[in-house]
Amino acid sequence: MKKLVALLIAATILCMGATAFAEGQTFGITYWCQSEFFGVLADGITAAAEADGNSTVVVDAEQDAAKQIQIIEDFIAQGVSAVFLNPVDKDAIQPALEALEAANIPVFNFDAGVEDMSKVAAFIATNNKQAGQLCAESMMADFPDGAKIAVLNYPSNGACNDREAGFLATIPENIEVLVTMDASANIEGGQKVVSDLIQSYDLDAIFCINDQCGLGAYAAVSVAGKDIKIYGVDGTQEAMDLIPGGVYRMTAAQSPRKIGAACYEAYKQYVEEGKCDPFTIEVDAYTIDASNVAEYTGKGYQ
């Protein structure tokens, strides 16, 4: 009888492992705004899920924290097996994280961190501090004798905060930050903020926490006829198109394909082992500038 019980227990464990990746599971994916970057990243998760016979539901939160909470409530109602989350707001997402925890649905946080990391199974992202560091190193090479600069940030987003921290930790004292402004991480915000700044400050350069606000900054300095260098993060084709002109100096590029694949691998490890080790999975950023932009132009996100 004891042997029979042991065999039944073993069989149950094997069955649990065998059905962990059974066909027919659905995964929820939500990110803070629609962009090529997040589209490619979500496609990476979806491709990996479909290879296991599963599917995804992908919903853009449109930079609306309340909408993203509703999206996650819908995921819970649908009975998804896991949620892959890029938060609109690292603090405002907390109620959704608590609801997912109550529903026993694991969360895999990508690109920008939530405030309460105890509620997620893993954090998968570009090494965002490294991305900021790469921007700083390029600026230092362009301005060896120093510069007066502005920083366009986006305080509600953890990834953007890390980029800013990496940048500020790297620049020397002779690169002086005259002003830091929240540009909402989009083109409109970047253009508006920089249009205002150049009325009050004599700037040599601007560090932008993403290419979206960088493109807005570029538009503002171009309209004003100013020679102000722009440094951004993401690796968008729009930014690469501007690099040969000499004003948009570089972009610290990300690899959303690798991040997406790493997200699904983290999920599989969680199912198999009950945890993710390491908890934080970082994918390296890399510099695209005038020296190598031709190698990446037209190829999309890597």
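**Helix crossing.** For handedness I call a crossing left-handed if the near helix is turned anticlockwise from the far one by less than a right angle, and right-handed if clockwise. Helices (H or I, at least four residues) and strands (E, at least two) are DSSP runs, numbered from the N terminus. With that settled, I find helix 5 passing helix 6 in a right-handed crossing. Their axes, for residues 128-142 and residues 158-170, come within 6 Å and cross at roughly 40°. I take axes as lines fitted to C-alpha atoms, for helices over the stretch in contact, with angles from 0 to 180 degrees between N-to-C directions. Helix 5 and helix 6 are therefore oblique to each other; under 35 degrees would count as roughly parallel, over 145 as roughly antiparallel, 65 to 115 as roughly perpendicular, and the rest is oblique. Contact for me means heavy atoms within 4.5 Å.

**Ground rules.** This is a predicted model, so I kept local features to pLDDT of at least 70 and side-chain atom pairs to pLDDT 80 or more, while totals for chains, interfaces and linings use all residues. Numbering starts from 1 along each chain as its sequence is written, and side-chain values use heavy atoms, with hydrogens and water left out.

**Overall.** I count 11 helices and 12 strands in the protein. The C-alpha trace spans about 85 × 35 × 35 Å along its principal axes. Of the 302 residues, 50% are buried; buried means under 20% relative accessible area, exposed over 50%, partly exposed in between (1.4 Å probe, protein chains only).

**Cysteines.** How many disulfides are there? I get 0 disulfides, taking a disulfide as a pair of cysteine sulfur atoms within 2.5 Å. For Cys135 the nearest cysteine sulfur, that of Cys208, is 8.7 Å away. The sulfur of Cys213 has its closest cysteine sulfur in Cys208 at 4.5 Å, too far for a bond. Cys135 is buried at 0% relative accessibility, and Cys213 is buried at 0% too.

**Helix 4.** In residues 94-102 I marked Gln94, Ala96, Leu97 and Leu100 as buried. Down the axis of helix 4 the buried residues fall within an arc of 160°, so they line one face of the helix; the arc is that of the directions from the helix axis to the C-beta atoms. They pack against helix 3 (65-78), strand 3 (82-85) and strand 4 (107-110).

Most residues other than glycine have a negative phi, and most peptide bonds are trans.

**Strand residues.** I looked up Asp234 in strand 9 (residues 229-234) and found it buried, at 10%. Not counting residues up to four places away in sequence, Asp234 touches several residues, including Arg163, Thr251 and Tyr301. Thr287 and Thr251 are 36 residues apart in sequence and 6.1 Å apart in space, C-alpha to C-alpha.
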